[in-house]
Amino acid sequence: MNIDSIRNGYVLDHIKAGRSMDIYRYLKLNDLDCSVAIIKNVKSNKMGRKDIIKIDALIDLDLTVLGYIDPGITINIIRDGELLEKKPLELPKKIVNIIHCKNPRCITTSESQLDSIFLLSHKANGKRTYRCAYCDTEHQR
C-alpha cells in the first residue's frame, strides 16, 4: 500500500477501528477538492486496531464533531510537510446540530430553525449520555 505524505493538512490518528467513515460523513470530506485517505484497521500496539484519516488541505475541522464521535482522536497538524502540532481531543460538554432530538413533542421538531442542542449529563464506563437542552430527552452514544 502506498499513500503519499501530505504537505499541508491534517492526520487524524488513533480513531477507534470502524469510526473513520462516520467522521468522513459528519465532516463532509466528500465535498473537498483535495486528497483524503482513509486507512482502516491498522495494527496498533496501544489500541489493537485503529483507523487513520489523512486530509491534504487546510480546512476548518469541527473539533466538537470529532470529540463527540471519538474523544480519543489525536489531530496531527502538518505544515510544509512537517508535524507542527499534536492536538488531543476531549469529550465535548455541549454539542450543537450534530444529533437531533427524537422526542416528537420537543420544540425542535416543530421549530426547525432552532438549533438542536445537547448537553453532556453523564459519562462512565465508555458510555456517554447527552440530554436535549429543551426537553431533557436522553441520547446515548
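Trainee: Which residue does the side chain of Asp13 meet in a salt bridge?

Mentor: In this predicted model, Asp13 lies in strand E1 (residues 9–16), and its partner lies 37 residues apart from it, in strand E3 (residues 48–55), so the pair links distant parts of the chain. The N to O distance between the two side chains is 2.9 Å, and the partner of Asp13 is Lys50.

Trainee: By about how much of the helix are Arg25 and Asp22 separated?

Mentor: Arg25 forms a salt bridge with Asp22, with the closest N and O atoms 2.9 Å apart. Arg25 counts as exposed at 52% relative accessibility, whereas Asp22 counts as partly exposed at 23%. Because the two residues are 3 residues apart in helix H1 (residues 20–26), their separation is about one helical turn.

Trainee: How many disulfides does a search of the whole structure find?

Mentor: A disulfide needs two cysteine sulfur atoms within 2.5 Å. The cysteine sulfur closest to that of Cys101 belongs to Cys135 and is 3.5 Å away, which is too far for a bond. Cys106 is in no disulfide either, since the nearest cysteine sulfur, in Cys132, is 3.7 Å away. The number of disulfides found in the whole structure is 0.

Conventions: Residues numbered from 1 in each chain as written. Predicted model: local features only at pLDDT ≥ 70, side-chain atom pairs only at ≥ 80, totals over all residues. Heavy atoms only, no water. Salt bridge = Lys/Arg side-chain N within 4 Å of Asp/Glu carboxyl O. Helix = DSSP H or I, 4+ residues; strand = E, 2+ residues; numbered from the N terminus. Buried < 20%, exposed > 50% of the residue type's maximum accessible area, 1.4 Å probe, protein only.
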